[in-house]
Amino acid sequence: MGASFHGAWVEDPDVGDVATRLGADPASGVGCRWADLRSGLDIDENGCLAWVGRLTENWTQIIFVGNPDFEPLPDLSSGNRRALCFSWTVNGVDDLYYAVDGRCRTVFSVTRPGVRGGPDPHALDSYASGLQFDAQDSSWESDPDLLPGWMEYCAWEERRLEEAPSEGDYAGTGDDYEGMRPEWGHLLELAVNGYNPPIATCITSALILVGRVTGRELDEAWLEGVHTRFRV
């Protein structure tokens, strides 16, 4: 889930009702854990699964797997409900969208401080206190919880790229990493999968904001639970 994520939250505790508004047959739902989500299914690149589970007394959480080719918020928020949607891939982080009663109310940038859009651009501001939404922020460099060795790895990687073959040559050979410290292997894997400390802070802040709206953050207890899988 680190390389890509597409989540939605809707103010409706009825999983079957949520499935219907996603265009799925409630009777087709299968209870499963995250590790078994694709079990027994052949999902092509255009297919999409929705893993749907109750989050709080009033909210349901949805994690999409695959390529949802539709915008779920209008239907999810219909009937005077609130709904949110947030996603990212290795290519970038999307805005946080907030809808009420079938209409988008707020487009909230999680990487550019103060950038808001929509007819009610400041509707989520009260939930954003103390959170960091700035992809250019450098305060992470002094974070005591920063992964050990990350700064050294980044400096080495920057030098490696500067010394790479000139334009027209392929710089991605295995020889490029011969001088890398063995203990940096997991850091390289994280980097390849899109890990970036200021972006990670922005993503974490967005999920905290969503948790403030819904009353519960996306947490390990929910992720380790059994929820209902639908094809949508």
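Tutor: Start with how the elements get their names. Helices are DSSP runs of H or I with at least four residues, strands are runs of E with at least two, and both are numbered from the N terminus. Keep in mind that this is a predicted model.

Now take helix α5, which covers residues 197-214. Its 18 residues should span 26 Å, because each step counts for 1.5 Å. The end C-alpha atoms are 26 Å apart, so the two values agree.

Next, look at burial. Buried means under 20% relative accessible area. In α5 the buried residues include P197, P198, C202, I203, L207 and V213. In an α-helix, residues three or four places apart point the same way, because there are 3.6 residues a turn. Just after α5 comes G215, with a positive phi of about 100°.

Now compare two other spots. H227 lies in strand β10, residues 227-231. It counts as buried, because its relative accessibility is 10%. A polar atom of the H227 side chain lies 2.7 Å from the backbone oxygen of W222. Beyond its neighbours within four places in sequence, H227 also touches residues including V30, W51 and G53.

S129 sits in the loop between β9 (116-117) and α3. At 54% relative accessibility, S129 counts as exposed. Its C-alpha atom is 31 Å from that of G149, 20 residues apart along the chain.

Methods. Residues numbered from 1 in each chain as written. Predicted model: local features only at pLDDT ≥ 70, side-chain atom pairs only at ≥ 80, totals over all residues. Heavy atoms only, no water. Expected span 1.5 Å × (residues − 1). Buried < 20%, exposed > 50% of the residue type's maximum accessible area, 1.4 Å probe, protein only. Polar contact = N/O pair within 3.5 Å; in protein donor to acceptor, adjacent residues only side chain to side chain. Contact = heavy atoms within 4.5 Å.
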